[in-house]
Amino acid sequence: MREIIVNELTQAFQQMARDVAHYLPRLIVMLIIALIGWVIAYLLKLLVRSLLRLTKFSKLSENAGATQLLHQAALPSATELASRFVFWIAWIGFVLLGVSVLGIAGLQEYISRFFFFLPRLFAACVILFFGLVAASFLSRAALLTAVNANFRSSRMLSIAVRFIIVIFSLSMTFEVLGVAEQTMLIAFATVFGAAMLGLAIAFGLGGQDLARKFLERKLTSHNREEREDELSPL
Amino acid sequence: MIRELELAEENLLTDEFLRQLINIGEVDIVVGLSTHNNAKTIRPVIAAIQAGILKCFPRERVAIINADGGSQDDTIEQVKNASIDDLRRDSKVYALRTLHSISVRYSRIPEPSKALQTIFAGADLLRARTCVMISPETITIEPDWLQRLARPAYHDNFDLVCPIYHRRGFEGVLVRNLLYPMTRSIYGSRVREPYGSEFAISGRLVSDFLSNGIIDQDWGRMGPEISVTIFALTGKYRVCQAFLGTRPPPTRSGQDMVAAVRRTVGALFASLDGNFPVWSAVRESQTVPTFGAASPVANEAVRINRKRLLDLFADGVVQLGPVLSSILSPQLLAELKRIALLNIEEFEYPEELWTQTVFEFAASYHKSTINRDHIIQALVPLYRGRSLTFITENRDASDEDIERREESLCVHFEQLKPFLLEIWAERK
């Protein structure tokens with residue numbers, strides 16, 4: 001009985017030693033890959049940070065309103081965030097590459113999924129960023145035009161423009177990511193439709209007098225008051 | 001000759017236009033007209049030009065070049081059909097030379113920079129000693145204007161002759177409150193009308209202006225007229241000014257105001273980038289030779305709704321708060337918000353505050369803190385506030401008082417120039 005136990009234990013230890021001997025080089029390879037990956041990811045981070053500083057990315061981000069959002073969320077600057085993002089993506093990529101060397105069954109599929117997902121993640125980030133840039137630029141353009149044209153609800157118009165573009169770019173981002181496509185599509189359609197309906201009702205009911213005055217002014221007089229009030233600048 | 005052909009090729013002058021120029025040969029004076037649907041006003045303007053040529057330059061070879069930006073009316077036909085013989089019948093003076101009048105459609109849509117480039121290229125190819133630009137909308141033009149503008153350039157070797165108009169009432173508010181004081185402070189020359197729709201330019205300056213590609217730069221494209229003045233001032237050309245008559249009021253609307261600010265202030269701000277080595281070295285302003293005599297300004301009653309101006313200013317400051325915070329310093333913005341709350345009787349946009357505002361806008365434009373066109377648009381409501389103060393101050397003022405206040409504003413611009421230099425490099 002005792003011999004059997006000793007034999008089994010010996011066999012188990014021998015098997016474990018064989019397994020360790022089998023996996024140890026792979027583990028070392030994985031660690032080396034992870035270490036090299038860390039160095040490469042760190043260099044990439046420095047490179048991306050320098051490039052973004054050279055291209056004045058932070059100013060673009062500030063103009064897009066992203067800096068303000070990040071500041072409110074107690075997050076670092078957009079340049080820092082983007083460079084950290086590149087670091088982590090690159091390093092995780094290398095770690096997963098190292099893990100794949102271990103040859104653990106079942107993990108391979110998840111690793112390949114991760115690498116397949118990366119381009120989509122990048123595209124989603126780009127879409128979201130440029131969506132924010134476009135929303136900021138166009139809402140400011142709308143605000144300036146409305147203020148200079150003496151439009152009463154300039155700020156509301158600007159906010160509406162920003163809101164529509166942000167919603168639109170968010171729905172595109174989620175679609176690219178493949179996250180809750182149907183939900184986002186329905187949500188977008190509902191929000192957009194509701195906004196348009198609301199505007200139509202608001203203008204229809206609340207703007208009757210305004211529309212009448214506008215048409216009267218356009219059809220009967222020639223904007224005499226405006227002409228008299230404006231000064232010749234040149 | 002090779003350079004001229006290259007120029008013609010670069011400018012994409014049409015074969016038909018080149019053929020017309022070759023038929024003319026060489027001339028002494030070119031009169032340029034940039035038109036777009038000006039059929040209603042072009043005839044009296046051309047008649048005045050022809051009368052001016054008959055009266056003042058009967059021995060010179062003169063050509064009228066009309067650059068048209070896609071007129072839908074019969075502007076081009078009117079220019080082509082305008083015959084100097086109509087005037088000869090009524091006048092005892094005869095020109096000893098043929099007066100050529102040619103017209104070219106440079107584009108289907110009006111582009112002032114391209115129109116000026118076309119006329120200048122034509123004048124350069126014709127080897128004109130002087131080119132006089134006349135606005136087709138200036139129906140108040142008199143035959144003497146041609147002499148007043150062309151003579152200093154043609155006979156006295158001046159390179160640029162700028163106009164001085166006889167302003168009525170509160171006309172030219174932007175010129176008086178920004179363009180003149182800032183040009184004077186920055187470039188050091190007291191040119192009263194840096195943006196003139198009428199001016200004369202020497203053949204030498206025409207060639208240099210074209211060969212330096214000013215029209216292809218931002219400021220040349222945005223404001224071709226003011227860019228001629230700035231180019232002459234920075235290039236140390238001989239500049240003078242001549243008193244003309246009354247300028248007809250331009251068409252007025254809110255949108256025109258933005259376009260006018262963009263065409264003038266935008267071009268002036270844009271010119272500061274490349275000319276920094278020149279203007280940063282200018283310490284004080286110099287007077288420029290002035291020809292003719294000023295006639296008293298006719299102060300006609302002008303109906304202006306001051307309350308509306310204040311509303312536009314105050315509403316602009318409140319609504320554009322986030323935009324202005326990207327352009328102005330917090331202290332200046334706080335001060336603007338304070339005066340935006342004042343009532344019409346108390347309201348004042350002081351000279352120093354206005355000067356600081358303009359300089360901070362110029363520095364932000366240089367740094368492109370936000371889109372440059374948005375910066376220019378954001379200036380419009382603030383300009384309306386300054387207009388209100390200008391009107392209030394000069395409501396019952398004499399010509400001397402208006403002149404004194406204008407000079408005071410110019411002094412503020414000159415005194416605060418070190419402030420501009422300071423924030424030029426700092427502002428981020």
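Which residues in helix 17 of chain B meet helix 19 of chain B, and which residues do they meet there? From helix 17 of chain B come B:E351, B:E352 and B:T355. Their partners in helix 19 of chain B are B:S408, B:L409, B:H412 and B:F413. The residues of this contact divide into two nonpolar, three polar and two charged.

The model is predicted.

**Chain B overall**

Chain B has 20 helices and eight strands. It has 428 residues, and 49% of them count as buried. Take the contacts in chain B between residues at least 6 apart in sequence. Of these, 87% join residues at least 24 apart.

**Two helix pairs**

Two packed helices are described by the angle between their axes and the distance between the axes. The table gives these values for two pairs.

| Helix pair | Angle | Axes |
|---|---|---|
| Helix 14 (residues 306–319) of chain B and helix 16 (residues 330–340) of chain B | about 140 degrees | 9 Å apart |
| Helix 17 (residues 351–367) of chain B and helix 19 (residues 399–415) of chain B | roughly 50 degrees | within 9 Å |

At about 140 degrees, helix 14 of chain B is therefore oblique to helix 16 of chain B. Their crossing is left-handed. Helix 14 of chain B brings B:F313, B:A314, B:V317 and B:V318 to the contact. Helix 16 of chain B brings B:L336, B:K337 and B:A340. The residues of this contact divide into six nonpolar, no polar and one charged.

Helix 17 of chain B and helix 19 of chain B cross at roughly 50 degrees, so they too are oblique to each other. The crossing of helix 17 of chain B and helix 19 of chain B is right-handed.

**Nonpolar cores**

In soluble globular proteins, nonpolar side chains tend to be buried together. Here the largest nonpolar core has 130 residues. Which of them touch the most other members? They are B:I29, B:V30, B:V132, B:L160 and B:V261. Helix 12 (residues 254–274) of chain B gives the largest share of this core, 10 residues.

B:L160 shows what such a position looks like. Leaving aside neighbours within four places in sequence, B:L160 is in contact with B:F199, B:I201, B:L205 and B:V228 among others.

A second, separate core has six residues. Among them are A:L52, A:A78, A:A82 and A:L132.

Technical notes
Residues are numbered from 1 along each chain as its sequence is written. Chains are lettered from A and ligands numbered from 1 in the order in which they are written. This is a predicted model: local features need pLDDT of at least 70, side-chain atom pairs count only at pLDDT 80 or more; totals for chains, interfaces and linings use all residues. Helices (H or I, at least four residues) and strands (E, at least two) are DSSP runs, numbered from the N terminus. A residue is buried if 20 or more other C-beta atoms lie within 10 Å of its own, exposed if 12 or fewer, and partly exposed in between; C-beta atoms are placed from the backbone. Two residues are in contact if their C-beta atoms, placed from the backbone, lie within 7 Å. Axes are lines fitted to C-alpha atoms, for helices over the stretch in contact, and angles run from 0 to 180 degrees between N-to-C directions. Angles under 35 degrees count as roughly parallel, over 145 as roughly antiparallel, 65 to 115 as roughly perpendicular and the rest as oblique. A crossing is left-handed if the near helix is turned anticlockwise from the far one by less than a right angle, and right-handed if clockwise. Ala, Val, Leu, Ile, Met, Phe, Trp, Tyr, Cys and Pro count as nonpolar, Asp, Glu, Lys and Arg as charged, and the others, Gly among them, as polar. A nonpolar core is a set of buried Ala, Val, Leu, Ile, Met, Phe, Trp, Tyr and Cys residues joined through C-beta atoms within 7 Å.
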